[in-house]
Amino acid sequence: MLAHLVIDYAEKQEQNSCIISLDREKAYDKINHEYLWDILEELRFPRGFIKLIKTMYSKAKTSVMINGVTPAPIKVERDVQQGDPMSFLLYNIAIEPLATALRASPNLKGIKITNHAKLITKLFSDHTLVYLGKKDKFSDL
């Protein structure tokens, strides 16, 4: 919905712009646990909370039934389990450095909304929309 509103707005304001859609394939499966712990610490989450999350994930195991046979479980060393109530929150925390880097980029100007506001990126689940203005370069993205 936001993308459609931005397109309408840019057309009315006669702003040349571009919307890039980034879909992170199997994004939940690719979150490295050590990276997640580092991000939680960098964002100053309470140590007790981080310890609790580490405990939950340190004991995580999975197995896949093949031809009716379930092999011994293997330890999960990366991913946040899709469907787990905590997963979307942990995933959002893990991906926040990307959003921060895009918004803080000195080269990307995004789409001007007002004299003081611009739109550069919006993240939702494993999808990222990046809004590039006329002077932005794809190579900077």
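**Exercise 1. What percentage of the 141 residues of the protein chain count as buried?**

Solution. The model is predicted: local features need pLDDT of at least 70, side-chain atom pairs count only at pLDDT 80 or more, and totals for chains, interfaces and linings use all residues. Residues are numbered from 1 along each chain as its sequence is written, and side-chain values use heavy atoms, with hydrogens and water left out.

Step 1. A residue is buried under 20% relative accessible area, exposed over 50% and partly exposed in between (1.4 Å probe, protein chains only).

Step 2. By this criterion, 30% of the 141 residues are buried.

**Exercise 2. Determine whether the length of helix α3 agrees with its number of residues, and describe its faces.**

Solution. Step 1. Helices (H or I, at least four residues) and strands (E, at least two) are DSSP runs, numbered from the N terminus. The chain has 4 helices and 7 strands.

Step 2. The expected span of a helix is 1.5 Å times one less than its number of residues. For the 12 residues of α3 (residues 47–58) this gives 16 Å, and the end C-alpha atoms are 16 Å apart, which agrees.

Step 3. Ile50, Ile53 and Tyr57 are the buried residues of α3. Seen down the axis of α3, they fall within an arc of 65° (taken from the directions from the helix axis to the C-beta atoms), so they line one face of the helix.

Step 4. Arg47, Gly48, Lys51 and Leu52 are exposed on the face turned away from the buried side of α3.

**Exercise 3. Describe how α2 and α4 are arranged.**

Solution. Step 1. Axes are lines fitted to C-alpha atoms, for helices over the stretch in contact, and angles run from 0 to 180 degrees between N-to-C directions. The axes of α2 and α4 come within 9 Å and cross at roughly 80°. The two helices are therefore roughly perpendicular, a term for angles of 65 to 115 degrees.

Step 2. Contact means heavy atoms within 4.5 Å. Tyr35, Leu36, Ile39 and Leu40 of α2 meet Leu90, Ile93, Ala94 and Pro97 of α4.

Step 3. The buried residues of α3 pack against α2 (33–42) and α4 (87–104).

**Exercise 4. State where Arg24 lies and whether it is buried or exposed.**

Solution. Step 1. Arg24 belongs to the loop between β1 (17–23) and α2.

Step 2. With a relative accessible area of 18%, Arg24 is buried.

Step 3. The C-alpha atoms of Arg24 and His127 are separated by 6.3 Å, although these residues are 103 residues apart along the chain.

Notes
Parallel < 35°, antiparallel > 145°, perpendicular 65-115°, else oblique.
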